[in-house]
Amino acid sequence: MALRQIRIMGDEKLEKVCRPVTEMTPKLRQLVQDMLDTMYDANGVGLAAPQVGILKRIVVIDIGDGPIVLVNPEIIEQSGEQSGQEGCLSLPGQAGIVTRPNHVKVRAFDENMQEFELEGEELLARAICHECDHLEGIMYVRYVEGELFDVTEEEEAEEEAAESK
Ligand code: NI
């Protein structure tokens, strides 16, 4: 298991537009695995390559249903609306209220460069939107309604417990 350092908001890599992946190389496969390890280690539900300093269009997500790898993701449909709390591993201990589509369809390639489509609702839709934004150099704070607020690890644990019910 190899963990990578997560960049914190203010790091210039988080403000850059990422380049598409043209070919899955051993180095990029290792990056995908390291991103998953790093996300799980940090108890996150998603991580984008620029958050570990790599400006490639790669995202990993796991909302509790298993790992999802999105290479060159493109949101092709979105509908509905959800408003809720959102945080980011690049801004630890903080959260804010963000309105996102409640349903999205994304087209992407997997780690074998096979094209697929994925539909997500609620938390998965939110995670897909949040991570795709990272590939455009956008942090969720741009969309926060009102002020950011502090979340303690205790509160996060309580929310996780509530969500799992
Ligand atoms: Ni994030």
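How many bridges join β4 to β5, and in which direction do the two strands run? In this predicted model, the two strands are joined by 5 bridges and run antiparallel. Within this pairing, glycine 84 stands opposite valine 98 of β5. Strands β4 and β5 belong to an open sheet of 3 strands, ordered β4-β5-β8. Pairing in this sheet is antiparallel. Strands β4 and β8 (145–150) form the edges, each pairing on one side only. On average, neighbouring strands of the sheet are turned by 25° against each other, direction ignored. Strands of a sheet pair through backbone hydrogen bonds, either parallel or antiparallel. Helix α2 lies across β4 and β5. The helix runs at about 65° to β4.

Three protein donors lie 2.0 to 2.2 Å from the nickel ion: Cys88 through SG, and His130 and His134 through NE2. The spacing of the donor residues in sequence is C-x41-H-x3-H. Cysteine 88 and histidine 130 link distant parts of the chain, 42 residues apart. Cysteine 88 sits in the loop between β4 (82–86) and β5 (94–100), whereas histidine 130 is found in helix α2.

Is histidine 130 buried or exposed? Its relative accessible area is 6%, so histidine 130 counts as buried, the cut-off being under 20%. Cysteine 88 is buried too. Beyond its neighbours within four places in sequence, histidine 130 is in contact with Glu86, Gly87, Cys88, Arg100 and Tyr140.

The largest nonpolar core holds 17 residues. Val59, Ile61, Leu70 and Ile128 touch the most other members. Elements giving two or more residues to this core are β2 (58–61), β3 (68–79), β6 (103–109) and α2 (122–135). The largest share, 7 residues, comes from α2. A second, separate core has 16 residues, among them Ile6, Leu28, Val60 and Val71. In soluble globular proteins, nonpolar side chains tend to be buried together.

Which residues does isoleucine 128 contact, its neighbours within four places in sequence left aside? The contacts of isoleucine 128 are Ile61, Leu70, Ile75, Val104, Val106 and Leu118. Two of these, Ile61 and Leu70, are listed with isoleucine 128 among the core members that touch the most others.

Definitions and conventions:
Residues are numbered from 1 along each chain as its sequence is written. This is a predicted model: local features need pLDDT of at least 70, side-chain atom pairs count only at pLDDT 80 or more; totals for chains, interfaces and linings use all residues. Side-chain values use heavy atoms; hydrogens and water are left out. A nonpolar core is a set of buried Ala, Val, Leu, Ile, Met, Phe, Trp, Tyr and Cys residues joined through side-chain atoms within 4.5 Å. Buried means under 20% relative accessible area, exposed over 50%, partly exposed in between (1.4 Å probe, protein chains only). Helices (H or I, at least four residues) and strands (E, at least two) are DSSP runs, numbered from the N terminus. Contact means heavy atoms within 4.5 Å. Donors are N, O and S atoms within 2.8 Å of the metal (3.2 Å for Na, K and Ca); water is not among the atoms, so sites may look incomplete. Two strands pair if DSSP finds at least two bridges between them. Axes are lines fitted to C-alpha atoms, for helices over the stretch in contact, and angles run from 0 to 180 degrees between N-to-C directions.
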